[in-house]
Amino acid sequence: TRSLTITSVDQSTFEKAQGEKVTLPCTFELSEEDEGPLDIEWVLIPADNQKKEQIIIMYSVDRVYNHYYAALTGRMQFTNLDPRSGDGSLDILNLKAADTGTYQCKVKKAPGVQSRKIQLTVFVKPARTKCSIEGSQEIGKDVTLKCVSQEGSPLLSYDWKRVSGTQNLPATSILNKNTGELLLKNASREYSGTYSCVASNRVGTDECSVELNVTPPINTAGIIVGAIIGTVLGLSVLCSIIFCLCKKHKEKKYEKEVHHDIREDVPPPKSRSSTARSYIGSNRSSLGSMSPSNMEGYTKTPYSQVPSEDFERAPAQTPSFAPSKVAAPNLSRMGAVPVMIPAQSKDGSIV
């Protein structure tokens, strides 16, 4: 009895790069004996046999169900919009490394049932490859050119080539394809030039380059002498700056101390009350023996002759004396003790 058969048996393994698209084939033929409803089911078989198969997409009773597997939602679809035509192939878009696995296509139309497994491997292309130089680029030294790809699925392979000059690697070079290191022993001027590294795996390549410039040994003695001279000059400038700052600080400190210093050899200024009292004391002796005859001379003594010595009244505080018939100065205004001044009555007696 002839029943349903799967005809796509040419390829069972696919290797693709991340970001690409893959079509997993699943074509079939129905027989006259297959009378039941057509069901097409794609499942993901886990690497761990203890886990169950995961349905990712299904066609049943003229309807597509594609919400079973969230990781592929929006990135998978049947190749043929009408799988009843005999094509149940699956398209997976924008492949990711996590999509790697074993996929199985099951076609059922009672009483016929057939299935087919396909192995899919998603590789990551080499990317962000960087070249560098390790070691001294001096004549007679060993120099190592390094090449590392930041992205890419194993197994990565590295290959170096020279793109300038003779375009051949030096005879003393040693290449490690697995690590990407190119060792140049006993470098000479002829080794100078541009070197290129190609990182590759099964799905792609990436490239970087580096410029090698082999030079004579550096005059280390001259560098040391120059460094010493520069250090001495730098210290001299630093010391000069510190000296100037210290000197300026001392000058400011000295000016401040002089401004607030009280000289001990200069007597303190006399106050207003002491000046006025000394003036009154000097005149009391003359007033004690006053008579009408010498009273007239006293009254003619001008106020402006009162000694002031170190005492000075502020212009705004200078008192204005009103004229008085009594010739004696108003010593009470000056903060002094009041003094009784004798006066002559009409009959010539002193009161």
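Among contacts (heavy atoms within 4.5 Å) in the protein chain between residues at least 6 apart in sequence, 58% join residues at least 24 apart. The model is predicted: local features need pLDDT of at least 70, side-chain atom pairs count only at pLDDT 80 or more, and totals for chains, interfaces and linings use all residues. Residues are numbered from 1 along each chain as its sequence is written, and side-chain values use heavy atoms, with hydrogens and water left out.

**Overall make-up**

- The protein chain has three helices and 18 strands; helices (H or I, at least four residues) and strands (E, at least two) are DSSP runs, numbered from the N terminus.
- Of its 351 residues, 29% count as buried, where buried means under 20% relative accessible area, exposed over 50%, and partly exposed in between (1.4 Å probe, protein chains only).
- The accessible surface of the protein chain is about 23,000 Å², and 54% of it belongs to carbon and sulfur atoms; accessible areas come from the Shrake-Rupley method with a 1.4 Å probe, and for residues only the protein chains shown count as cover.

**Nonpolar cores**

- A nonpolar core is a set of buried Ala, Val, Leu, Ile, Met, Phe, Trp, Tyr and Cys residues joined through side-chain atoms within 4.5 Å.
- The largest one has 26 residues, of which L24, W42, I56, I92, Y103, V107 and L120 touch the most other members.
- Two or more residues of this core come from each of β3 (22–24), β5 (39–45), β6 (54–60), β8 (76–78), β9 (90–92), β10 (101–109) and β11 (112–123).
- A second, separate core holds 18 residues, including V143, L184, A199 and V214.
- Leaving aside neighbours within four places in sequence, V107 is in contact with L4, I6, C26, F28, L38, D39, G112, V113 and Q114.

**Strand pairing**

- Two strands pair if DSSP finds at least two bridges between them.
- β5 and β10 run antiparallel and are joined by seven bridges; L44 has Y103 in β10 as its bridge partner.
- β10 also pairs with β11 in the antiparallel sense, over nine bridges, and a hairpin of two residues joins β10 to β11.
- Within that pairing, K108 has V113 in β11 as its bridge partner.
- Strand β17 (residues 193–200) pairs with strand β18 (residues 205–212) in the antiparallel sense over eight bridges, and the hairpin that joins β17 to β18 passes through four residues.
- A199, a member of the second core, has D206 in β18 as its bridge partner.

- D99 is found in the loop between β9 and β10 and is buried, with a relative accessible area of 5%.
- Not counting residues up to four places away in sequence, D99 touches L72, R75, I92, N94, L120 and V122; I92 and L120 are among the members of the largest core named above.
- T144 is found in strand β13 (residues 143–151) and is buried, with a relative accessible area of 13%.
- T144 touches S132, I133, E134, E181, L182 and L183, not counting residues up to four places away in sequence.
- T144 and L183 are 39 residues apart along the chain, and their C-alpha atoms are separated by 4.5 Å.

**Surface patch**

- I224, I228 and V232 form a nonpolar patch on the surface, with about 280 Å² of accessible area together.
- Patches are made of residues with over 30% relative accessible area and no salt bridge; like charges are joined within 9 Å, nonpolar side chains (Val, Leu, Ile, Met, Phe, Trp, Tyr) within 5 Å.
- A salt bridge is a side-chain nitrogen of Lys or Arg within 4 Å of a carboxyl oxygen of Asp or Glu.
- I228 lies in helix α1 (residues 220–260).
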